[in-house]
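Subject: Structure for you to look at

Hello,

Here is the structure I promised. Please open it first, then read my notes below.

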Amino acid sequence: MTVDIRNRALQVIARCQRLACFSEDSGSTRRIFLSPPMRDCHHEIATWLEPLDVPVKVDAAGNLRAVYPAAESNAARLLIGSHLDTVPNSGAYDGVLGVILAIALIEELRGQRLPFAIEVVGFSEEEGVRFGAPFIGSRALVGRLDQELLDRRDAQQISVRQAIEDFGLNPAQIPQAELQTDTLGYLEFHIEQGPALENAGQPLGVVEAISGQSRLQFTFLGRANHAGTTPMHLRYDAIAAAAEWITAVERTARGVPDLVATVGSFEAKPGATNVVAAEARLTLDVRHRSDEVRARAVEDLTREADKVAQRRSLSLRHAYMLDEQTTAMDPFLVGQIGEAIEKTGCTPLHMVSGAGHDAMILAEKVPAAMIFLRTPGGISHDPAESVAVDDVEKAISCGVHLLDQLASSAQFQQGTHRA
Ligand code: HGY
Ligand code: MN
Ligand code: MN
C-alpha cells in the first residue's frame, strides 16, 4: 500500500467526521431531507472538489451533482455516490462514506482523464426519516419523484414540494435531474452495517442483491378515558392493543428464517400518564431476500393487527409507505468488483444486503453495483458506527483497480455489458 493511499484513507475518515458535524441536533448527527445542515454539507464538499475543477450543482430534488469530465467531451458517465442524509443520532459513515470515496477516487486519478466521465452524486434523502418515504433523491434520477410523493407531508405538515422550494430549488425542474440516457452505470461504496464481513475476516464485500423491504404505518384507535376511574374490562386501550401486536410481530419474525420485522417508531395520543390511550401509531419495517416471504409476512402481520383490534373492540388503520422488491445488482459490474477486490489481495465476500440502498433505485434504469466495507461490531445507525482505516485503504485501492478495469473495457464503455 503506498503511503499516499494511507493518507487518502485517513483524509476520507476525517472528511466523514467533518460532515457528521453538520446536524440539526447539537451533540449528535441528524441531517434530514433539505434541512439547513444539508446546505452546509454541500458547501463543504464543494471546497473539496474545487481544486479538482469539478463544479458542484444541486439538482431540483436536492441531490449534490458534480461531474469529473472524461478525456473526450460529451462522453457517457459513470455515477459513483451514495446519500448525504442520516437517521437521527446516526454514525458518521452511513451514506457519506460513499460520496467521499467517490471524491477520493477522482483525487487518485491525479488529473488523468478516463474514456467516461465520473459523476459524483450525493443523494438528498435515502433514509426516509422526514417524510416516511425513503429514496426521494434517487427516485428523481429515475423519474419516480411523482406528485404523490411531492404531496407527502412531514410532522410539521410541510410537503416535499414545499421543502424543495424552501431550500431555494424549483420542483418544476425535477425532470432535469433525471439520469442521462447513456449513463453507463452506478457504483456505491457503503458500510455493510452488519456482522458478515467481520465474521468472515474480510474488509470488502460485493453485493449481489439488495433485499426488498415493506414499510407500513399502523394506527390502533381506541377511546381515551380516566386512568383512575375506568375499570380494566371497560377500557379501549390503544397502547395495550399495540403492545400485544408488537410481541406478535417479533414472534412471527423469529419464526421465519432470515425474516426481519421491526416496529421502529411508536406514538401515543394523548400521551399522558393518567389517560388510557386513545390512539397508538406505529411503523412496521419488514425485509427478506424473497419477495414472496416478505409479502406473506406483511399479510400475516396485518391480519394479526386486525384480530387484535377486533378482540379489543378497537378500530385499525394501516397504510403502505414503501414497497421495494429485492433488486439484483448488475452481474457484469459484480464480476468487475470481485476482480478489483482480488487485486487488493482480499477475497471478495459475495453478499445480499439487508439494508436498503439507493443502488436498488438506480438499478431500475442503469447497471448498478455496490462495494461493502466491513463494519466493526456490525454497529450502524448509531454514533458507535465506525470503519477501519486499513479497510478504507483497501476500498480506495479496489476503486482504483475498478476504474482501471472499466476504462479498458470496450464492453462497458459501449454499454453492451447491460444485463
Ligand atoms: O433502512 C435502511 O435500509 C437504510 O439504512 N436506509
Ligand atoms: Mn441508513
Ligand atoms: Mn445508507
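Start with the cavity lining. The largest cavity is lined by Cys16, Ala20, Thr29, Arg31, Thr86, Gly91, Ala92, Tyr93, Asp94 and Val96. By class, that lining has 5 nonpolar, 3 polar and 2 charged residues. The volume of the largest cavity is about 30 Å³. A search of the whole structure finds 1 cavity of 30 Å³ or more. Please keep in mind that this is a predicted model.

Now the metals. Asp94 lines the largest cavity, and aspartate 94 also bridges the manganese ion (ligand 2) and the manganese ion (ligand 3). These two ions lie 3.5 Å apart.

Ligand 2 first. Which residues coordinate the manganese ion (ligand 2)? Asp94 (OD), Glu127 (OE), Glu127 (OE) and His381 (NE2) do, at 2.1 to 2.8 Å. Along the chain, the donors of this manganese ion (ligand 2) follow the spacing D-x32-E-x253-H. Glutamate 127 lies in the loop between β4 (117-123) and α4 (136-141), and histidine 381 lies in the loop between β16 (368-373) and α12 (389-407), so the pair ties together parts that are 254 residues apart in sequence. Glutamate 127 is buried, with a relative accessible area of 10%. Histidine 381 counts as partly exposed, at 39% relative accessibility.

Ligand 3 next. The manganese ion (ligand 3) has His83 (NE2), Asp94 (OD) and His190 (NE2) as its protein donors. They lie 2.1 to 2.3 Å from the ion. The spacing in sequence for the manganese ion (ligand 3) is H-x10-D-x95-H. Histidine 83 is in strand β3 (residues 77-83) and histidine 190 is in strand β5. They are 107 residues apart, and the pair links distant parts of the chain. Are histidine 83 and histidine 190 buried or exposed? Both are buried.

α10 covers residues 331-343 and has 13 residues. From its first C-alpha to its last, α10 reaches 19 Å, close to the 18 Å expected at 1.5 Å a residue. In α10, Phe332, Leu333, Val334, Gln336, Ile337, Gly338, Ala340 and Ile341 are buried. An α-helix has 3.6 residues a turn, so residues three or four places apart point the same way. What do the buried residues of α10 pack against? They pack against β5 (185-191), β6 (204-210), β15 (349-353), β16, α12 and α13 (410-413). After α10 comes glycine 345, whose phi is positive, near 90 degrees.

Last, a pocket. The second largest pocket has a volume of about 390 Å³. Its lining is made of 17 residues, of which Lys57, Arg65, Arg77, Glu119 and Gln176 lie nearest its centre. By class, the lining of the second largest pocket has 7 nonpolar, 4 polar and 6 charged residues. β1 (56-58) and β2 (64-68) each supply at least two residues of that lining. Which strand gives the most to the lining of the second largest pocket? β2 does, with 3 residues.

Best wishes

Definitions and conventions:
Residues are numbered from 1 along each chain as its sequence is written. Chains are lettered from A and ligands numbered from 1 in the order in which they are written. This is a predicted model: local features need pLDDT of at least 70, side-chain atom pairs count only at pLDDT 80 or more; totals for chains, interfaces and linings use all residues. Side-chain values use heavy atoms; hydrogens and water are left out. On a 1 Å grid over the protein atoms alone, a cavity is a set of points where a 1.4 Å probe fits but cannot get out, and a pocket is an open set with protein on both sides within 12 Å along at least five of seven lines; lining residues have an atom within 4 Å of a point. Grid points are joined across faces, edges and corners, and a volume is the space filled by probe spheres set on the points. Ala, Val, Leu, Ile, Met, Phe, Trp, Tyr, Cys and Pro count as nonpolar, Asp, Glu, Lys and Arg as charged, and the others, Gly among them, as polar. Donors are N, O and S atoms within 2.8 Å of the metal (3.2 Å for Na, K and Ca); water is not among the atoms, so sites may look incomplete. Helices (H or I, at least four residues) and strands (E, at least two) are DSSP runs, numbered from the N terminus. Buried means under 20% relative accessible area, exposed over 50%, partly exposed in between (1.4 Å probe, protein chains only). The expected span of a helix is 1.5 Å times one less than its number of residues. Contact means heavy atoms within 4.5 Å.
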